[in-house]
2 protein chains.
Amino acid sequence: MQRDRNEILAESIKRLLRRGATKSLQKIIRKTRAADLSLVFRELSRDNRLKMFNLMGDPEEQGLLFSELEEPIFLDLIGQLKLDEIVEIFENMAADDVAELLGYLDEKLADTILEKMKNEDSLEVEHLMSYGEDTAGSIMVPDFIALKEDMGARDVIAALQNDYLDVEMPFYVYVVDEYGKLVGVSSLRQLVVVHPEKPLKDFMIRDIVSVNTYTDCEKVAELVARYDFLAVPVVDDDNRLVGIVTVDDVIDIISEEATGDILKMAGVGEDYVETQTIFRGTRIRLPWLFTSCLGGLVASLIISGFHESLSKFAYLAVYIPVITGMGGNIGIQSSTVVVRGIATGKINAKDLWAVVAKEISIGLILGVIYGLLIGAVAKIRYMEEPLSLKFAFAVSLAVVVSMSVAALMGSLVPMLFQKVNIDPAVATGPFVTTSVDVVSVFSYLTIATLFLGF
Amino acid sequence: MQRDRNEILAESIKRLLRRGATKSLQKIIRKTRAADLSLVFRELSRDNRLKMFNLMGDPEEQGLLFSELEEPIFLDLIGQLKLDEIVEIFENMAADDVAELLGYLDEKLADTILEKMKNEDSLEVEHLMSYGEDTAGSIMVPDFIALKEDMGARDVIAALQNDYLDVEMPFYVYVVDEYGKLVGVSSLRQLVVVHPEKPLKDFMIRDIVSVNTYTDCEKVAELVARYDFLAVPVVDDDNRLVGIVTVDDVIDIISEEATGDILKMAGVGEDYVETQTIFRGTRIRLPWLFTSCLGGLVASLIISGFHESLSKFAYLAVYIPVITGMGGNIGIQSSTVVVRGIATGKINAKDLWAVVAKEISIGLILGVIYGLLIGAVAKIRYMEEPLSLKFAFAVSLAVVVSMSVAALMGSLVPMLFQKVNIDPAVATGPFVTTSVDVVSVFSYLTIATLFLGF
């Protein structure tokens, strides 16, 4: 439904652009949310994007659009604008959005823009940029309500109506002491139910969940998700309230985290964005395939080491793909379950052996089931050959070994990486499948050689 | 930080349970949020969970914990409770939570519980359960504020303070006409800035984004994420406001959707939950591996079809794993980029050919690079053999073909599934890697046979 609506919108905008119907376009722009406009921009040509952008006129609206655009489109658009225009738009944006966008630009341009911005605006941005990437400090907004604990409920409500009108989302009233330290929190709901004279300190919640400026974004998202908060307060090392992270940013973090995990596990690198050029796409994906290439070459070395067995018994080669395939697939299953379990908090690094033991058990059971099946097929297929029973048995056993070892590696590798604080998602993907290939080939050929008595 | 806090909490609760320190336990329970308590429950034995649960006493608190517990723990706990206890707890819970939990129970027990519940409570639950799974109707809450458009701002604020105190999160004031149809929306912020006598119809927003009771949850989540809403109104076919979906539920949807996609792509099935038993884990994963098994057996059939080439040229087998491996890995890359692109809205099903063409190009370039590399290794390795140059060339070409075809299939398959409305994540995982294996083996052996002139 919504997608259709935006497609219709894109079509009419394109038609109006062709006709040069400036007035109608401006009317549409005024009525359309920045989030929708950014989707339309995806469909427009370079020139038309610039035309539309200039038609918007109002730097505040342009700023809202800036923060909704996808990175490549934003970069392309900004390349077509004059420096003064950019500076004016940035001055009309929220500091956290400016900080994020400046991170996309090259450093020199970012510095030039900051220098040209009004001091009061650029200072706030530079302050945010001084926090490490992916920390609560870098995404917090100063848009919060902080009042003293002696204030009565009625005065608090009056303050909200008078002094805090520019606060976007006034869900929580934070309570600070004389040094600005966070001591409590109250909600709008509580404010209206208590006696109007009652001071905050008598009904505020003192058991506050807060994060530090350097807390990792994913940790912040986890807390907001767990407690169903609409915002979480950010404090500095002295417990002074310096900002809040709101739920809308948390949604973005969760979605980006999941996408990043998926891409890392597929060996694409977490920063892979679909709208990239073929060249950049190739460059990002190239190194990830190198593991796979190296592992494949090692597997080929192993096979050539069994040259004698292979020439005596040529149909040994026939079952290589099914054995590596079964191992590879169960390895992906195990590593995915573990990586995602760690990410969602369902698996704890300290349960290492319990998790690994369970995966091995599953690998073993599935290995026996599929080993018997594949072995039976092999026996029937090569019924007339001498040694066919021994061969079938070797295939079965190789499937069992390959699948159990794959389940072991698929679970152990990410658990160990988590223990030493390396992102388990990166560790997994190509690394696990490739090592499983090597192990599978080696164990298959060794088992077969032993059984067939070469 | 937070994890440590909960670990410490779990440790002290375990200690107190051993000592039977009822009073201290009750004090801790009162002070702890249900979300944290549910994490502690994970660490406790069956008996201790029941003990803790009984110590809670208050059915409202027990209900909050119910909705936080993981499914297996919830099921286990409820199996230890008496029917009357369960009914009383459910009567004290929000209808949407009850509806969700009843979905976990077997139908007979769920029906018995519904029959025993007070009519007013069970009717609401049954109403919610009548909406299809994963629709807005099934997760909406009736916890909204709906007022008439003639009401003035001051009266609205008074109504909020008097009539709507039980509304959990009063962010938006929805405006309905005399038939209950949704006609506008206003925010708390707007209410306090306009003149107190101004009626809602003069300042409400009329361009409302709403969803239908049967709108898919993921669609709802997409809208909330795009527009940074705190809640989205749900209407029936006559545009009557019947509920809202709040941002905290949207966070869960986004997280579950991502996990589901990851698990489906890994061939584990979207409902795989880590805390399952080995038996259930095996049963869920078994059928997904069947594709892989079948594909592997097809590959083995193909190889045995080239029996003659293989016995003449035994080292042909040596490069099978590296070629299937390279194809498999780039296939996973392409399918992941496309599946995740579709899920996050960055890829549109109508751009099918553009997306596939781009993936093929990347596959071709990477294929040439790695083809040359692997071919060179093959040439050096078999320098002394006759035909080694031809062989190396065949290996190179096979890598190029395998990687290009893998990129084609990895992108085309999910795009086509999306077009015919089948979940692309399910289609991808084992299906793509397995078919890539088959294609790789076939093209490699065909090319080699042609080049080496058998």
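**Selections, in order**

This is a predicted model: local features need pLDDT of at least 70, side-chain atom pairs count only at pLDDT 80 or more, and totals for chains, interfaces and linings use all residues. Residues are numbered from 1 along each chain as its sequence is written, while chains are lettered from A and ligands numbered from 1 in the order in which they are written.

Begin with α19 and α20 of chain B, two helices that are roughly antiparallel to each other (angles over 145 degrees count as such). Select residues 320-343 of chain B for α19(B) and residues 352-381 of chain B for α20(B); their axes come within 11 Å and cross at roughly 155°. Axes here are lines fitted to C-alpha atoms, for helices over the stretch in contact, with angles from 0 to 180 degrees between N-to-C directions. Helices (H or I, at least four residues) and strands (E, at least two) are DSSP runs, numbered from the N terminus.

Show side chains next. On α19(B), B:V322, B:M326, B:I330, B:S334 and B:V338 meet residues of α20(B), among them B:V355, B:G363 and B:Y370. This contact comprises 8 nonpolar, 2 polar and 1 charged residues. Ala, Val, Leu, Ile, Met, Phe, Trp, Tyr, Cys and Pro count as nonpolar, Asp, Glu, Lys and Arg as charged, and the others, Gly among them, as polar.

Now display both chains. In the interface, 87 residues of chain A are in contact with 87 residues of chain B (C-beta atoms, placed from the backbone, within 7 Å). On the side of chain A that touches chain B, α17(A) gives the most, with 15 residues. By class, that side of chain A has 50 nonpolar, 25 polar and 12 charged residues.

Move to the sheet of chain A. Its 3 strands form an open sheet in the order β4-β5-β6, with mixed pairing (two strands pair if DSSP finds at least two bridges between them). Select 211-212 for β4(A) and 241-246 for β6(A), the edge strands. β5(A), residues 231-235, runs parallel to β4(A), joined by 2 bridges, and antiparallel to β6(A), joined by 5 bridges.

Center on A:V234: its bridge partner is A:V211, and A:G243 in β6(A) stands opposite A:V234. In β5(A), 5 of its 5 residues are buried (20 or more other C-beta atoms within 10 Å of a residue's own, C-beta atoms being placed from the backbone).

Finish at the hairpin of β5(A) and β6(A), where A:N239 in the turn has a positive phi of about 65°.

Key
Two residues are in contact if their C-beta atoms, placed from the backbone, lie within 7 Å. Angles under 35 degrees count as roughly parallel, over 145 as roughly antiparallel, 65 to 115 as roughly perpendicular and the rest as oblique. A residue is buried if 20 or more other C-beta atoms lie within 10 Å of its own, exposed if 12 or fewer, and partly exposed in between; C-beta atoms are placed from the backbone.
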